[in-house]
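Please look through the sequence and the model shown here before reading the report. The headings then take up its parts in turn.

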Amino acid sequence: MAKCLVTFLPENISVEAEQGTSIKQIANSIGIALKSTCGEEGTCGRCAVKVKGGKVINLGGNLSSRLRKTGHVLACRTLVEEDVVVEIPKESRLDEHQVLVEETPEKGVLAEKELDLLSGYEFDPICRTVYLELSPP
């Protein structure tokens, strides 16, 4: 297969990729994470990118008509055919991982007492372990 040069904006990072590879796979290979919850089926519409130049094959998918009119395509369902320039909007990026470091009610996290859903209820499970000693047959 032929090689294509794919340039990602606004980083201005270029990478060579095999012709017929999806834009999402190429972006992931160089560490640019895109939002996607559909497993590259094209149903979530979260990996929308804009092809600024070059030839691609668009396999369709669930993309709003507003984004389609502005030239956006789904990165997971768009294959590169020749050298392309791709702009990745902020809405499609998975830039910030949110990790809970400290639990403080002031930051909108529930207090520990509010997290204990079983407080006030007696522990009475419906299953019990019973040990039996039986005589040999």
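## Terms and basis

A residue is called buried when its relative accessible area is under 20%, exposed when it is over 50%, and partly exposed in between, as found with a 1.4 Å probe and protein chains only. By this scale Leu134, at 74% relative accessibility, counts as exposed.

This is a predicted model, in which local features need pLDDT of at least 70 and side-chain atom pairs count only at pLDDT 80 or more, while totals for chains, interfaces and linings use all residues. Residues are numbered from 1 along each chain as its sequence is written, and side-chain values use heavy atoms, with hydrogens and water left out.

## Overall build

The protein chain has three helices and seven strands, where helices (H or I, at least four residues) and strands (E, at least two) are DSSP runs numbered from the N terminus. Read from the N terminus on, the elements follow the order β-β-α-β-β-α-β-β-β-α.

Of the 137 residues of the protein chain, 28% count as buried. The accessible surface of the protein chain comes to about 10,100 Å², and 52% of it belongs to carbon and sulfur atoms; such areas come from the Shrake-Rupley method with a 1.4 Å probe, and for residues only the protein chains shown count as cover. A contact means heavy atoms within 4.5 Å, and among contacts in the protein chain between residues at least 6 apart in sequence, 55% join residues at least 24 apart.

## Strand 3 and its partners

Two strands are said to pair if DSSP finds at least two bridges between them. Strand 3 pairs in the antiparallel sense with strand 5 (residues 72–74) over three bridges, and Val49 has Val73 in strand 5 as its bridge partner. Strand 3 also pairs in the antiparallel sense with strand 7, again over three bridges, and here Val51 stands opposite Val86 in strand 7.

Ala48 is found in strand 3 and counts as buried, at 4% relative accessibility. When residues up to four places away in sequence are not counted, Ala48 touches Leu63, Leu67, His72, Val73, Leu74, Pro89 and Ser92. The C-alpha atoms of Ala48 and His72 are separated by 6.0 Å, although these residues are 24 residues apart along the chain.

## Salt bridges

Side chains of opposite charge can pair when their charged atoms come close. A salt bridge is counted when a side-chain nitrogen of Lys or Arg lies within 4 Å of a carboxyl oxygen of Asp or Glu, and the structure holds four of them. In one of these, Lys3 is joined to Glu18, with the closest N and O atoms 3.2 Å apart. This pair links distant parts of the chain, since Lys3 is in strand 1 (residues 3–9) and Glu18 in strand 2 (residues 13–18), 15 residues apart. Glu18 is partly exposed, at 32% relative accessibility.

Another salt bridge joins Arg93 and Glu11, whose closest N and O atoms are 2.6 Å apart. Arg93 lies in the loop between strand 7 (84–87) and helix 3, and Glu11 in the loop between strand 1 and strand 2, so the pair ties together parts that are 82 residues apart in sequence. Arg93 is buried, with a relative accessible area of 9%, whereas Glu11 is partly exposed at 34%. A further salt bridge links Lys24 with Glu40, the closest N and O atoms being 3.9 Å apart. Lys24 counts as buried at 8% relative accessibility, and Glu40 is partly exposed at 26%.

## Cysteines

What is a disulfide? It is a covalent bond between the sulfur atoms of two cysteines, and here the term is used for a pair of cysteine sulfur atoms within 2.5 Å. A search of the whole structure finds zero disulfides.

How far is the sulfur of Cys44 from the closest cysteine sulfur? That closest sulfur belongs to Cys38 and is 3.7 Å away, which is too far for a bond. The sulfur of Cys76 likewise lies 3.7 Å from the closest cysteine sulfur, in Cys47, too far for a bond. Cys44 is partly exposed, with a relative accessible area of 24%, whereas Cys76 is buried, at 7%.
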